[in-house]
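Open the model in your viewer and show it as a cartoon. Keep a selection panel at hand. The stops below say what to pick and what is there.

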Amino acid sequence: MKRFFKGVMALKTAVCALYTGAMVIYLFFCLVFDNQEVSVSMLWTLLLACVLGALLQAVCFSDWIIRKMRYTLRSLLFLALFLPLLSLLAWKADWFPVEQTGSWVTFIGSFFATFFVMTLGFDIYFRITGRKYDGLLG
């Protein structure tokens with residue numbers, strides 16, 4: 001039971017971090033496109049995307065379900081699961097003009113750019129943290 005509650009707390013923390021980041025990005029684009037109204041459906045679908053994204057992160061990047069897998073394969077699995085899920089939410093909730101091909105290109109390009117920057121950021125963080133611990137152990 002203790003392990004379950006620890007997992008729930010980790011999931012809650014991940015959802016909060018994802019939702020905060022999503023809201024900052026959403027508000028940035030509202031500012032860029034001079035949108036003065038916040039869509040309630042957007043808020044709910046962003047929350048749903050964050051909950052599902054946190055669950056997928058737990059599945060792909062922890063030993064919860066997948067015991068042994070290389071980090072690269074875990075990343076590709078996450079991409080393969082999260083991009084279609086996010087695309088479905090974007091389509092159903094009308095996050096952008098879904099009938100325009102350019103909107104989809106921008107959406108998918110933004111997804112991959114964000115994924116690349118986040119992956120690079122985590123890689124740098126883990127390298128720095130690893131060096132710090134190596135120094136402490138030495």
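A residue is called buried here when its relative accessible area is under 20%. The model is predicted.

**Whole chain**

Start with everything selected. The protein holds four helices and zero strands. Along the sequence the pattern reads α-α-α-α. Its C-alpha atoms fill a box of roughly 55 × 35 × 25 Å along the principal axes. Of the 138 residues, 25% count as buried. Take the contacts between residues at least 6 apart in sequence: 49% of them join residues at least 24 apart.

**Colour by confidence**

Now colour by pLDDT. The average for the protein is 88, and 94% of the residues score at least 70. Which element has the lowest mean pLDDT, and which the highest? Select residues 101-137: helix 4 has the lowest mean, 83. Then select residues 71-92: helix 3 has the highest, 93. Where pLDDT is low, the predicted coordinates should not be read in detail.

**Helix 1**

Select residues 2-32. Helix 1 has 31 residues. From first C-alpha to last, helix 1 reaches 45 Å, close to the 45 Å expected at 1.5 Å a residue. Show side chains for Val15, Ala22, Met23, Tyr26 and Cys30: these are the buried residues of helix 1. Helix 2 is among the elements that cover them. Step just past the helix to Asp34, which takes a positive phi of about 55°.

**Helix 2**

Select residues 40-61. Helix 2 counts 22 residues and reaches 31 Å between its first and last C-alpha, close to the 32 Å expected at 1.5 Å a residue. Which residues of helix 2 are buried? Pick Met42, Thr45, Leu46, Ala49, Cys50, Gly53, Ala54, Leu56 and Cys60. They pack against helix 1 and helix 3.

**The helix 1–helix 2 contact**

Keep both helices on screen. Two packed helices are described by the angle between their axes and the distance between the axes. Here the angle is about 135° and the axes of helix 1 and helix 2 lie 8 Å apart. Helix 1 and helix 2 are therefore oblique to each other. The crossing is right-handed.

Show the side chains that make this contact. From helix 1, take Leu11, Ala14, Val15, Leu18, Tyr19, Ala22, Met23 and Tyr26. From helix 2, take Met42, Leu43, Leu46, Leu47, Cys50, Val51, Gly53, Ala54, Leu55 and Gln57. Val15, Ala22, Met23 and Tyr26 are in this set and also among the buried residues of helix 1.

Terms used. Residues numbered from 1 in each chain as written. Predicted model: local features only at pLDDT ≥ 70, side-chain atom pairs only at ≥ 80, totals over all residues. Heavy atoms only, no water. Helix = DSSP H or I, 4+ residues; strand = E, 2+ residues; numbered from the N terminus. Expected span 1.5 Å × (residues − 1). Buried < 20%, exposed > 50% of the residue type's maximum accessible area, 1.4 Å probe, protein only. Contact = heavy atoms within 4.5 Å. pLDDT = per-residue confidence, 0-100. Axes fitted to C-alpha atoms, helices over the stretch in contact; angles between N-to-C directions. Parallel < 35°, antiparallel > 145°, perpendicular 65-115°, else oblique. Left-handed = near helix turned anticlockwise from the far one by under 90°.
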